[in-house]
Amino acid sequence: MPKVIKAIHAHQGLSAIALTGLALVIGAALPTQAQAQTKDQETPYIGANIGLYNKYSLDCKNGAPCDLTARAGGKVFIGQQFEYLAGLGLEAMAYGISSGQGTIKRGSGEEAGWVKQAGLGVYAVLPLSYGDFSFKGKLGASYAQGKATYAAGGSDSKWSFQGMYGLGVSYAINKQISLNLDYDNVGAKYGAGSTRVGMFSTGLSYRF
């Protein structure tokens, strides 16, 4: 696994927030690049990504089985940039991530089990474009469902509003189709606990 992935997940919250903040600061300091977007870039786009690496933030205690990396994840999304907002945009997504295994909360105690999550979210997006490449810093909120399945039997689930953040880079294959690599950090509550997961994903988007 590339060192950059391991570094981000070693400090999942702090590092990803710092990188997102850095992208937003750079964007604010470079208005000419944001204003240089073409009319083509201001049209709506849709896309879909498949998760490459999805890692949960869970504890591993008392010798309980532990596998923080979910086997599957992905998202579909739609968005648009706005010239009158200096190139800022909105992006909505629906996502799902399969189970991670570790020590999870149940009532006032903890035990072994699995958690998974899915949800809907909306980002505010700050894009920067350099030739055929585009970079995005994203901050937003989601309405997500977390579900816990306990090794001793039983399950819990809960819907809740959560903050989310992300980064992205895109390469324009042509005027309509782009290849995307994204990082999204999303959270969910389940029963008595909560967790977050960082998802690296790749896919294609189509601009109308």
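Which strands each supply at least two residues of the nonpolar patch? In this predicted model, local features require a pLDDT of at least 70 and side-chain atom pairs count only at pLDDT 80 or more, whereas totals for chains, interfaces and linings use all residues. Residues are numbered from 1 along each chain as its sequence is written, and side-chain values use heavy atoms, with hydrogens and water left out.

The strands in question are β6 (133-150), β8 (177-190) and β9 (193-207). Strands (E, at least two residues) are DSSP runs, numbered from the N terminus. The patch is formed on the surface by I46, I78, Y130, F133, F135, Y171, I173, I177, L179, L204, Y206 and F208. Together these residues have about 1100 Å² of accessible area, as given by the Shrake-Rupley method with a 1.4 Å probe, where for residues only the protein chains shown count as cover. Patches are made of residues with over 30% relative accessible area and no salt bridge; nonpolar side chains (Val, Leu, Ile, Met, Phe, Trp, Tyr) are joined within 5 Å, and like charges within 9 Å. One of the patch residues, F135, is located in strand β6. With a relative accessible area of 37%, F135 is partly exposed; buried denotes under 20% relative accessible area, exposed over 50%, and partly exposed the range in between (1.4 Å probe, protein chains only).

The structure contains 8 salt bridges, a salt bridge being a side-chain nitrogen of Lys or Arg within 4 Å of a carboxyl oxygen of Asp or Glu. In one of them, the side chains of D184 and K75 meet at 2.8 Å, N to O. Because D184 belongs to strand β8 and K75 to strand β3 (residues 73-81), this pair ties together parts that are 109 residues apart in sequence. Both partners, D184 and K75, are buried.

D184 also forms a salt bridge with K138, at 3.5 Å from N to O. K138 lies in strand β6 and D184 in strand β8, so the pair connects parts that are 46 residues apart in sequence. D184 is buried at 1% relative accessibility, and K138 likewise counts as buried at 1%. A network of salt bridges links D184, K75 and K138 with E91, K136 and D182.

A further salt bridge joins the side chains of R106 and E111, with an N to O distance of 3.3 Å. R106 is partly exposed at a relative accessible area of 32%, and E111 is also partly exposed, at 23%.

Methods. Helix = DSSP H or I, 4+ residues; strand = E, 2+ residues; numbered from the N terminus.
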